[in-house]
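Trainee: I have the structure open and would like to talk through how its helices pack. Could we go through it together?
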Amino acid sequence: MSRVLVIDDDVQLCELLADVLAAEGYDVECRHCGETALAYMQDYSVDLVLLDVMLPNIDGMQVARRICQRFATPILMLTALADETSMMDGLQAGADHYMPKPFRVPELLARMTAILRRVGLERQRQSQHCSEQNLSQQIARLPLTGTESELLEYLIKHHEVVVSKAELQKEVLKKDLSPFDRNLDMHISNIRRKMVQSGLSKQHIKTIRGKGYSFLAMAS
């Protein structure tokens with residue numbers, strides 16, 4: 001459930017948005033000035049901010065700037081100031097989208113969905129990137145022999161591609177594959193054992209029966 005913070009001094013509009021968004025499955029909080037909204041965000045995680053421009057004390061432009069300075073939360077700005085200059089000011093202040101009042105609820109919901117989808121994909125990519133970086137660091141610390149290291153590097157270089165035993169034997173071990181030679185399998189077994197001992201999954205090196213081996217960053 002995504003948490004949405006509505007920042008608007010129009011109490012009736014806040015109540016309406018809270019009802020509509022709650023019916024759509026959002027967890028909604030409302031604040032009527034910039035100071036209380038920023039204080040709330042300091043204590044609670046927020047997935048999206050719906051922000052009015054005309055606020056008491058600190059206007060919406062300043063609030064948007066402060067949110068961008070402290071948090072990575074997307075902002076959808078809602079305002080009666082619909083001229084191009086105000087829109088550009090809002091976007092430059094840090095808003096992701098700008099909607100003039102009055103607005104149609106279906107359009108608002110569509111824009112919210114689009115913003116949250118984009119943010120979700122960005123977070124997913126960042127998480128995957130961090131996981132891959134962490135995996136690389138763990139692999140670099142494995143106590144591998146020279147041959148084991150070369151084998152693993154070759155598989156990683158061809159990640160998610162099935163590399164045949166014959167290719168590994170020829171390119172890394174520098175000899176042709178023999179039907180009764182278990183040397184390659186022994187090296188792969190040792191690499192997997194050292195992975196497990198270091199807290200990694202042996203499934204990073206997947207055996208493809210009758211074909212060879214494949215390195216997978218995301219072990220199944």
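Mentor: Let us begin with how the axes are defined: they are lines fitted to C-alpha atoms, for helices over the stretch in contact, and angles run from 0 to 180 degrees between N-to-C directions. Please keep in mind throughout that this is a predicted model.

Trainee: Okay, at what angle do H2 and H3 pack, and how far apart are their axes?
Mentor: Helix H2, residues 34-43, and helix H3, residues 60-70, pack at an angle of about 15 degrees, and their axes are 11 Å apart. Angles under 35 degrees count as roughly parallel, and H2 and H3 are therefore roughly parallel to each other. The crossing in which H2 passes H3 is right-handed.

Trainee: Which residues meet there?
Mentor: From H2 there are Gly34, Leu38, Met41 and Gln42, and they meet Val63, Arg66, Ile67 and Arg70 of H3. By class, the residues of this contact of H2 with H3 divide into four nonpolar, two polar and two charged.

Trainee: Staying with H3, which of its residues are buried?
Mentor: The buried residues of H3 are Gly60, Met61, Val63, Ala64 and Ile67. They cover an arc of only 160 degrees around the axis, so they lie on the same side of H3. As background, an α-helix has 3.6 residues a turn, so residues three or four places apart point the same way.

Trainee: And what do those buried residues pack against?
Mentor: The buried residues of H3 pack against H2 and helix H4 (84-93), and also against the strands S1 (3-7), S3 (48-52) and S4 (75-79).

Trainee: Switching topic, how do H6 and H8 pack?
Mentor: Helix H6, residues 146-157, packs with H8 at an angle of about 85 degrees, with the axes 10 Å apart. Since angles of 65 to 115 degrees count as roughly perpendicular, H6 and H8 are described as roughly perpendicular to each other.

Trainee: What's in that contact?
Mentor: Thr147, Glu148, Leu151, Leu152 and Leu155 in H6 meet a set of H8 residues, among them Leu184, His187, Ile188 and Lys194. The residues of the contact of H6 with H8 divide into seven nonpolar, three polar and two charged.

Trainee: Last one: where does Ser201 sit, and how far is its C-alpha atom from that of Gln62?
Mentor: Ser201 is in the loop between helix H8 (183-197) and strand S7 (205-208), and with a relative accessible area of 28% Ser201 is partly exposed. The C-alpha atoms of Ser201 and Gln62 are separated by 49 Å, the two residues being 139 residues apart along the chain.

Definitions and conventions:
Residues numbered from 1 in each chain as written. Predicted model: local features only at pLDDT ≥ 70, side-chain atom pairs only at ≥ 80, totals over all residues. Heavy atoms only, no water. Helix = DSSP H or I, 4+ residues; strand = E, 2+ residues; numbered from the N terminus. Parallel < 35°, antiparallel > 145°, perpendicular 65-115°, else oblique. Left-handed = near helix turned anticlockwise from the far one by under 90°. Contact = heavy atoms within 4.5 Å. Nonpolar A, V, L, I, M, F, W, Y, C, P; charged D, E, K, R; others polar. Buried < 20%, exposed > 50% of the residue type's maximum accessible area, 1.4 Å probe, protein only. Arc of directions from axis to C-beta.
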